[in-house]
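Good morning. Today I will go through the aromatic rings in one structure, and then a few backbone angles. Please look at the slide.

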Amino acid sequence: MGEETEVNKIFAAFKKLRTDPNFKITSKKTQKYNCIAWAMGFNDRWVSYMDNPTYWWPDSAESRGNKPSDLKAAFSALGFSECSSGSIERGYDKVVLYQKDGKWTHAARVISNNVCHSKLGESYDVHHSDGNIFEGSFYGDVFCYMKRRHQSLFSNWFPGRKRDD
């Protein structure tokens with residue numbers, strides 16, 4: 001199946017993306033990781049609460065399940081805390097979490113004011129507008145923004161060094 005057909009499938013599933021000025025495909029398709037892993041900062045695993053040996057969930061998460069509070073617990077276990085918006089704050093990484101019908105559905109990295117970076121299931125990574133861009137789709141609506149201090153590759157090389165940004 002061609003890329004154009006795949007993009008049309010994305011637009012059919014997420015109607016608001018068709019007219020989103022920030023929409024851009026940023027990767028090839030991969031099944032290696034999902035949106036939750038991507039938002040957490042991983043591109044080598046599939047993060048899910050389901051009992052499957054190929055899935056991963058943070059061991060220190062207070063809960064494991066499909067409720068929005070379970071997803072918040074998973075992100076909290078990795079150093080994220082709830083915050084009031086997706087507005088960029090110096091020194092912090094931010095994520096936005098989505099839910100529909102009382103179950104978590106999606107997560108995205110906030111990369112600038114009003115722009116997010118998502119992994120669409122087994123499909124592409126994409127940039128899109130923040131907020132309720134997925135409203136009316138199976139991803140549903142935003143239920144939470146979370147933030148954590150920037151994670152740095154260099155922090156492993158220089159463990160005593162503190163970063164401000």
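First, the rule: rings of Phe, Tyr and Trp (its six-membered ring) pair if their centres lie within 6.5 Å, and planes under 30 degrees apart count as stacked, over 60 as edge-to-face and the rest as tilted. By that rule there are twelve aromatic pairs here. One of them is Phe42 with Trp56, edge-to-face, at 5.2 Å centre to centre and 70° between the planes. Phe42 and Trp56 are 14 residues apart, and the pair links distant parts of the chain.

The model is predicted: local features need pLDDT of at least 70, side-chain atom pairs count only at pLDDT 80 or more, and totals for chains, interfaces and linings use all residues. Residues are numbered from 1 along each chain as its sequence is written, and side-chain values use heavy atoms, with hydrogens and water left out.

Ring pairs also join Phe14, Tyr98, Phe134, Phe138 and Tyr139 into a cluster. Within it, Phe134 and Tyr139 are both buried, where buried means under 20% relative accessible area, exposed over 50%, and partly exposed in between (1.4 Å probe, protein chains only).

Next, charges over rings, meaning NZ of Lys or CZ of Arg within 6 Å of the ring centre and within 35 degrees of the ring normal. The charged end of Arg45 sits over the ring of Phe42, 3.8 Å from its centre. Arg109 lies over the face of Trp38, at 3.7 Å from the ring centre.

Last, the backbone. Most residues other than glycine have a negative phi. Asp101 has a positive phi, near 55°, and Asp101 is exposed, at 71% relative accessible area. Asn114 also has a positive phi, near 75°, and is partly exposed, at 43%.

Conventions. Helix = DSSP H or I, 4+ residues; strand = E, 2+ residues; numbered from the N terminus.
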